[in-house]
Amino acid sequence: MARPKIPRTICGQAANICFKPNGIPMTQLEQVPLAEDEIEALRLVDLLGMQQQEAAKSMNISRQTLANLVKGARHKVVDSLINGKALMTNNIN
């Protein structure tokens, strides 16, 4: 049985739901999902320049969990940029 997910504090949101290469229809693109907690981890660490310990405290998660989120999110972003995939968020406003 999987351990239940601890609620995470999410303050920032992505500006758009999808980022994709220009000129290619969505139907022809592979989609890479980026979760809200991954976006928040990137925002805190990469955009705001927080130390991982501080960012983890802000999200109410462990430093190791934050490091795993950042690593996974960075991989997805680079995969989308290099391989021309659509980066999808689950942020629906």
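Begin by selecting Glu 38 and Lys 76, whose side chains form a salt bridge with the closest N and O atoms 3.1 Å apart, a salt bridge being a side-chain nitrogen of Lys or Arg within 4 Å of a carboxyl oxygen of Asp or Glu. Because Glu 38 lies in helix H1 (residues 36-47) and Lys 76 in helix H3, the pair ties together parts that are 38 residues apart in sequence; helices (H or I, at least four residues) and strands (E, at least two) are DSSP runs, numbered from the N terminus. Glu 38 counts as buried at 9% relative accessibility, whereas Lys 76, at 23%, counts as partly exposed; buried means under 20% relative accessible area, exposed over 50%, and partly exposed in between, with a 1.4 Å probe and protein chains only.

Before moving on, note that this is a predicted model, in which local features need pLDDT of at least 70 and side-chain atom pairs count only at pLDDT 80 or more, while totals for chains, interfaces and linings use all residues. Residues are numbered from 1 along each chain as its sequence is written, and side-chain values use heavy atoms, with hydrogens and water left out.

Next, select Arg 74 and Asp 46, whose side chains meet in a salt bridge at 2.4 Å, N to O. Here too helix H3, which holds Arg 74, is tied to helix H1, which holds Asp 46, and the parts so joined are 28 residues apart in sequence. Arg 74 is partly exposed, with a relative accessible area of 38%, and Asp 46 is partly exposed at 43%.

## Around the end of H3

Now select Lys 85 and Glu 30, a salt bridge in which the closest N and O atoms are 3.5 Å apart. This pair links distant parts of the chain, with Lys 85 in the loop between H3 and strand E3 (86-89) and Glu 30 in the loop between strand E1 (18-19) and strand E2 (31-34), 55 residues apart. Lys 85 counts as buried, at 15% relative accessibility.

Which residues does Ser 80 contact, leaving aside its neighbours within four places in sequence? Select Ser 80 in helix H3 (residues 63-83), and look for Val 32, Lys 85, Ala 86 and Leu 87, with which Ser 80 is in contact, meaning heavy atoms within 4.5 Å. Ser 80 is buried, with a relative accessible area of 5%.

Finally, show the salt bridges across the whole structure, where a search finds five.
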